[in-house]
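This note is written for a colleague who is meeting the structure for the first time. Please read the points below with the sequence and the model at hand.

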Amino acid sequence: LSQRLHLIAIKQVEILEEDGRLETIKKITFSEAWSSFNKVKHKVNATDKDNFSHSYGLIEGDDLSDKVKKISYETKFK
């Protein structure tokens with residue numbers, strides 16, 4: 001189900017800046033039928049392979065700049 005939703009919701013993913021690990025910036029464009037947002041940009045903040053963690057944040061998005069100061073995500077596996 002999750003893969004199907006991603007195929008319906010996400011129209012395109014572009015890597016705008018990449019240095020191999022940190023500071024990678026991705027632009028995600030959404031399907032018009034799925035979301036009222038057209039696009040968002042995420043930036044990788046940290047990746048720790050030894051502790052199986054990855055964090056990134058939303059740095060730009062349609063209609064979010066005026067309403068949201070910061071959105072951060074962290075994924076960690078044990």
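This is a predicted model: local features need pLDDT of at least 70, side-chain atom pairs count only at pLDDT 80 or more; totals for chains, interfaces and linings use all residues.

**Notes on the fold and selected contacts**

1. The elements amount to 1 helix and 5 strands.

2. The strands form an open sheet of 5 strands in the order β1-β2-β3-β4-β5, and their pairing is antiparallel. Strands β1 and β5 stand at the edges with a single partner strand each, so one side of each is left without a neighbour in the sheet. From one strand to the next, the twist averages 25°.

3. The pairing of β1 with β2 can be followed residue by residue. Strand β1 covers residues 10–17 and strand β2 covers residues 25–30; the two run antiparallel and are joined by 6 bridges. Ile10 has Phe30 of β2 as its bridge partner, and Glu14 stands opposite Lys27, also in β2.

4. On to the next pair of strands. Strand β3 comprises residues 39–48 and pairs with β2 in the antiparallel sense, over 5 bridges. Here Lys26 stands opposite His42 of β3.

5. How many aromatic pairs does the count come to? The count comes to 1 aromatic pair. This pair is formed by Tyr56 and Tyr73, with 4.8 Å from centre to centre and 20° between the planes. The arrangement is stacked, because planes under 30 degrees apart are classed in that way.

6. Where do the two tyrosines of this pair lie? Tyr56 belongs to strand β4 (residues 53–61) and Tyr73 to strand β5 (residues 71–76), so the pair ties together parts that are 17 residues apart in sequence. Tyr56 has a relative accessibility of 23% and counts as partly exposed. Tyr73 is likewise partly exposed, at 36% relative accessible area. Neither value falls in the buried class, because that class requires under 20%.

7. Apart from neighbours within four places in sequence, His54 is in contact with Val44, Ala46, Thr47, Tyr73, Glu74 and Thr75. One of these residues, Thr47, also makes a polar contact with His54, from side chain to side chain, at 3.1 Å. Tyr73, a member of the aromatic pair, is 19 residues from His54 along the chain, and the C-alpha atoms of the two are separated by 8.3 Å.

8. Some values for the chain as a whole complete the picture. Of its 78 residues, 22% are buried. Among the contacts with a separation of 6 or more, 16% are between residues 24 or more positions apart. The chain exposes about 6500 Å², and carbon and sulfur atoms supply 50% of that area.

9. When viewing the model, the reader may wish to begin at the sheet, with its order β1-β2-β3-β4-β5, and then turn to the stacked pair of Tyr56 and Tyr73.

Definitions and conventions:
Residues are numbered from 1 along each chain as its sequence is written. Side-chain values use heavy atoms; hydrogens and water are left out. Rings of Phe, Tyr and Trp (its six-membered ring) pair if their centres lie within 6.5 Å; planes under 30 degrees apart count as stacked, over 60 as edge-to-face and the rest as tilted. Helices (H or I, at least four residues) and strands (E, at least two) are DSSP runs, numbered from the N terminus. Buried means under 20% relative accessible area, exposed over 50%, partly exposed in between (1.4 Å probe, protein chains only). Two strands pair if DSSP finds at least two bridges between them. Contact means heavy atoms within 4.5 Å. Accessible areas come from the Shrake-Rupley method with a 1.4 Å probe; for residues, only the protein chains shown count as cover. Axes are lines fitted to C-alpha atoms, for helices over the stretch in contact, and angles run from 0 to 180 degrees between N-to-C directions. A polar contact is a pair of N or O atoms within 3.5 Å; within protein, one must be able to donate a hydrogen and the other to accept it, and residues adjacent in sequence count only if both atoms are side-chain atoms.
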